[in-house]
Amino acid sequence: MTDQLIETQLDPQAVAGLAATARGPVLVPGDPGYDDARSIWNGLIERRPALIVQCSGAADVVDAVNFSREQGLALSIKAGGHNVAGNAVNEGGVVIDLSQMRGVIVDPATQTGRVQGGATWGDCDRETQLFGLAVPGGVVSTTGVAGLTLHGGIGHLRRKYGLSIDNLVSVDIVTADGQFRRASATENEDLFWAVRGAGSNFGVVTSFEFRAHPVGPTVFVGAIFYPLEEARTILPAWRDFMAAAPEELSSLAICWSVPPHEPFPPELHGTPAVVVAAAYCGPVEEGERIVQPLCELAQPLVDASGPWPWLGLQSGFDAIFPKGERRYWKSRALAELADEAIGEILEFAGRRPTPLTDVGIWHHGGAMSRVGETETAYGGRDTQFLVAVEASWTDPAQNDEAIAWAREVWDAMERYSTGRVYLNFPGLGEEKDELARAGYGENYDRLAELKAKYDPDNLFRMNINIPPSG
């Protein structure tokens, strides 16, 4: 290990001290498990941290935070490792890896769940569904609870029960001074306000306490693939339908291609399509009636609508978004989905760089929009539609082309935008402070003040960073 520490310019004595107290593995380059631990979901990101601490609990996190601060090293936090910008890892610094902390404890009497910081939404869904409950979360089960939640958390329950952060009761968090704190509506209230939207700027969240809601075990799902050439009539019809839809129904439309695997017929594989996806979290029989008009917008290529297990819906996108593909995802918030915007989206959809690439349009409103703009740090509560530009590819030779296409779409959508963005789709975070201000809006200045209080030296800067004020 000594030779490895010399190569990475770490203090061998300090590392030995950390390794002696930590209950989880402390890995350096060359150690077994190091390469697996530094790999993340986005295959575009290739970084080699000097040290990875695979924490077994909050005490390990405290030691790792103190070590990073005292050694003056860059610090990343890896939970699910799904962050598109790759902030879960860094070059030559320390990674706090929470992947061994995946416990979920549900209290059915209070309909709450305590979720450790390294858990995935699949872990959370598995345990909550044992009691017929669900926490509003993501739409891919391998996504980490922490990363998705701390920047908002948009999922299939958003219109009925709000964002993931809207269902937070409390968090346990280790701040830059190495202190373990609980933050809630009655304890460290300013910190609780900040973590609901501001990502990892304020510390390492070791556990989340969520409200859960009765959902499932079966929900009605709309999953209709229409020919992309019909999208100029389908998208306005979908938009108008959703304007009057009940809040139990959340939906998005995706300009994409038919995936090249089962259950889709081989003759349709790769066919350009617009997918109308919807989930109704009320009674299944009601859902069938309410979703039916979305199945009749044109002649479908494939209609997979019907009653789905909630767990099946939550993991339904997993195979489509596997670990290792290259990704560059950006977003724009829209107050309305104008016909002109639809036309531009479809122009870009017609020249996507790869069949894996999509442009998704998420319909918002309902519970997530009734929260006040300054009640949490999350900005953009007035968003009615979110345009998500998701460039995905496998060939490194396409890096420049795919990223350029995504940025072109993102730039084109600016004139329709409210100015807000969804910070879970940040590209590579190239815009830095400009991107943070777009995400937090009028909450930015208060966040900078709180950053100065809780992290004055900006230890937690591997994120969509908010520099401390002053």
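**Close-up views of cavities, pockets, a helix and salt bridges**

The structure holds three cavities of 30 Å³ or more. This is a predicted model, in which local features need pLDDT of at least 70 and side-chain atom pairs count only at pLDDT 80 or more, while totals for chains, interfaces and linings use all residues. Residues are numbered from 1 along each chain as its sequence is written, and side-chain values use heavy atoms, with hydrogens and water left out.

View A. A cavity is a set of points, on a 1 Å grid over the protein atoms alone, where a 1.4 Å probe fits but cannot get out; lining residues have an atom within 4 Å of a point. Grid points are joined across faces, edges and corners, and a volume is the space filled by probe spheres set on the points. Of the 48 lining residues, His82, Asn83, Thr143, Leu148 and Asn424 lie nearest the centre of the largest cavity. Two or more lining residues come from each of strand 3, helix 6 (145-150), strand 10 (204-211), strand 13, strand 18 (358-363) and strand 19 (385-393). Helices (H or I, at least four residues) and strands (E, at least two) are DSSP runs, numbered from the N terminus. The lining comprises 28 nonpolar, 17 polar and three charged residues. For these classes, Ala, Val, Leu, Ile, Met, Phe, Trp, Tyr, Cys and Pro count as nonpolar, Asp, Glu, Lys and Arg as charged, and the others, Gly among them, as polar.

**View B. The second largest cavity.** The volume in this view is about 50 Å³. Around the second largest cavity you will find Ile154, Ala333, His364, Tyr378, Gly379, Gly380, Thr383, Leu386, Val421 and Tyr422. Six of these lining residues are nonpolar and four are polar, with no charged residue.

**View C. The largest pocket.** About 390 Å³ of space lies in this pocket; a pocket is an open set of grid points with protein on both sides within 12 Å along at least five of seven lines. Its lining has 26 residues, and those nearest the centre are Ala223, Phe264, Trp308, Gly316 and Phe317. Strand 12 (218-227), strand 13 (249-257) and strand 14 (272-280) are the elements that each give two or more residues to this lining. By class, the lining holds 20 nonpolar residues, five polar and one charged.

**View D. The second largest pocket.** This pocket has a volume of about 270 Å³. Among its 18 lining residues, Gly80, His82, Thr120, Thr142 and Lys323 are the closest to its centre. The lining divides into five nonpolar, eight polar and five charged residues.

View E. Along helix 16 (residues 444-454), the residues Tyr444, Leu447, Ala448, Leu450, Lys451 and Tyr454 are buried. They sit on the same side of helix 16 because they cover an arc of only 165° around the axis, the arc being that of the directions from the helix axis to the C-beta atoms. Glu449 and Lys453, on the other side, are exposed. Buried means under 20% relative accessible area, exposed over 50%, and partly exposed in between (1.4 Å probe, protein chains only). The buried residues pack against strand 9 (180-184), helix 8 (189-195) and helix 15 (433-440), where contact means heavy atoms within 4.5 Å.

View F. The whole structure has 26 salt bridges, each a side-chain nitrogen of Lys or Arg within 4 Å of a carboxyl oxygen of Asp or Glu. One of them joins Glu340 and Arg415, whose closest N and O atoms are 2.8 Å apart. This pair links distant parts of the chain, 75 residues apart: Glu340 is in helix 12 (residues 339-349), and Arg415 is in the loop between helix 14 (399-413) and helix 15. Glu340 is partly exposed at 48% relative accessibility, and Arg415 is exposed at 55%. In helix 15, Arg437 and Asp433 lie four residues apart, about one turn of the helix, and their side chains meet in a salt bridge (2.8 Å, N to O). An α-helix has 3.6 residues a turn, so residues three or four places apart point the same way. Arg437 is partly exposed, with a relative accessible area of 40%; Asp433 is also partly exposed, at 28%.
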